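The sequence and structure come first, and the points follow by topic.

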Amino acid sequence: MPPRLPPLSALRLFEAAGRHQSFKRAAAELHLTPSAVSHGIVGLEQTLGVALFTRSPQGLTLTPEGVDYLAYVTEAFSLLLTGTRRLPTPDASRAIAITCAPTLASRWLLPRLTGFLQRMPGVDITVDTSRRQVGFPADGFDFAIRLSRAPVASDAWHRLFGERFVPVCSPAYLARHASADGKLDLRSASRIHVSSASEDWQVWVEGAGIDDFDTRGGLSFDSIQMAFDAAKSDLGVVIGRRPLVDDYLASGALVPAHGVTTPSQGAYWLICAPEIEAHPECVAFRDWMIEQANLHRDE
């Protein structure tokens with residue numbers, strides 16, 4: 001007799017609890033009590049005959065078997081979500097799902113989305129900004145926007161634009177630390193780093209051809225937006241990434257701390273799921289994104 005699948009409701013509890021590593025947070029997401037989640041997981045473990053979690057005073061952790069099983073359950077739910085989203089709706093429209101780096105989403109994509117929605121009214125859009133690799137079609141996304149030095153050999157990759165680096169700081173920081181001629185000595189400035197970025201101060205220093213410049217030390221943040229906010233708060237100089245920093249420069253919230261701008265080695269790429277050609281709204285979004293990128297390069 002083939003093995004019976006556990007109840008879908010129990011698997012949903014396990015997926016949420018495994019993702020959060022917490023019965024309490026899973027319960028909040030699913031609008032249940034922690035006790036209900038705990039009892040459901042115990043029932044699932046009894047059905048499977050294997051422990052999925054280790055419970056201790058320090059918290060909840062997945063067992064090795066739980067880690068392995070969670071990967072399959074997560075992929076199964078993703079495939080179910082993808083299949084459900086592919087079903088036709090009464091108005092023949094569906095959501096476009098995009099995964100994008102958070103700062104690019106907030107500072108470049110979102111300000112432009114009105115233009116697409118005016119062109120394609122009635123289309124729903126979901127934007128996910130979690131930092132993770134994406135698998136098509138299992139993860140349920142139509143598009144991924146990623147920063148990469150080189151594309152995968154595929155027609156599904158479309159280059160949008162590269163970044164340009166320029167050190168920036170707040171007007172107050174520049175006024176407080178600049179010399180009499182208005183210039184700032186970056187060697188003695190407090191530098192702000194982005195720990196999650198593959199290209200930062202060292203790339204700008206090399207591109208600017210500056211010798212004897214120690215890029216170490218200073219403040220470090222795990223997101224570009226937090227680093228920008230730190231610079232706006234007069235905490236030091238950050239590598240401004242154009243176009244992400246353009247609005248701040250235009251408003252005067254940040255100003256160049258050095259006259260040299262250098263190109264990044266990477267670029268933003270629009271990566272399309274294989275099946276988008278069957279969906280007019282996805283084709284329209286792809287073409288609109290490429291159009292917006294071309295407009296940006298012409299600015």
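**Overall picture**

Of the contacts in the chain with a separation of 6 or more, 72% are between residues 24 or more positions apart. The model is a predicted one. The chain holds ten helices and eleven strands, and buried residues make up 42% of its 299 residues.

**Helices H2 and H3**

- Helix H2 (residues 23-30) packs against helix H3 (residues 34-48) at an angle of about 110°, and their axes are 8 Å apart.
- H2 is roughly perpendicular to H3 because angles of 65 to 115 degrees count as such.
- On the H2 side the contact is made by Phe23, Lys24, Ala26 and Ala27, and on the H3 side by Pro34, Val37, Ser38 and Ile41.
- By residue class, the contact of H2 with H3 consists of six nonpolar residues, one polar and one charged.
- Serine 38 has a relative accessible area of 23%, so it is partly exposed.

**Glutamate 45**

- Helix H3 also contains glutamate 45.
- The relative accessibility of glutamate 45 is 11%, and therefore it counts as buried, the limit being under 20%.
- Setting aside neighbours within four places in sequence, glutamate 45 is in contact with Val50, Ala51, Leu52, Phe53 and Arg55.

**Helices H5 and H8**

- H5 and H8 cross at roughly 65°, and their axes come within 8 Å.
- The contact of H5 with H8 divides into two nonpolar residues, three polar and one charged.

**Nonpolar cores**

- The largest nonpolar core has 40 residues, and those touching the most other members are Ile96, Leu104, Phe143, Ile145, Leu160, Phe285 and Met289.
- At least two residues of this core come from each of these strands and helices: strand E3 (96-100), helix H5 (102-119), strand E5 (143-148), strand E6 (157-169), strand E7 (191-194), helix H8 (224-232), strand E11 (262-272) and helix H10 (280-298).
- Domain 2 (96-161 + 266-295) and domain 3 (162-265) each give at least three residues to this core.
- Phenylalanine 285 is in contact with Ile96, Ile98, Leu113, Phe116 and Phe143, leaving aside its neighbours within four places in sequence.
- Another core, of 20 residues, lies apart from the largest one, and Ala17, Ala27, Leu60 and Leu70 are among its members.

**Glutamine 292**

- Glutamine 292 lies in helix H10.
- With a relative accessibility of 13%, glutamine 292 counts as buried.
- Beyond its neighbours within four places in sequence, glutamine 292 is in contact with Trp108 and Arg112.

Key: Residues are numbered from 1 along each chain as its sequence is written. This is a predicted model: local features need pLDDT of at least 70, side-chain atom pairs count only at pLDDT 80 or more; totals for chains, interfaces and linings use all residues. Side-chain values use heavy atoms; hydrogens and water are left out. Axes are lines fitted to C-alpha atoms, for helices over the stretch in contact, and angles run from 0 to 180 degrees between N-to-C directions. Helices (H or I, at least four residues) and strands (E, at least two) are DSSP runs, numbered from the N terminus. Angles under 35 degrees count as roughly parallel, over 145 as roughly antiparallel, 65 to 115 as roughly perpendicular and the rest as oblique. Contact means heavy atoms within 4.5 Å. Ala, Val, Leu, Ile, Met, Phe, Trp, Tyr, Cys and Pro count as nonpolar, Asp, Glu, Lys and Arg as charged, and the others, Gly among them, as polar. A nonpolar core is a set of buried Ala, Val, Leu, Ile, Met, Phe, Trp, Tyr and Cys residues joined through side-chain atoms within 4.5 Å. Buried means under 20% relative accessible area, exposed over 50%, partly exposed in between (1.4 Å probe, protein chains only). Domain bounds come from an automatic or database domain assignment.
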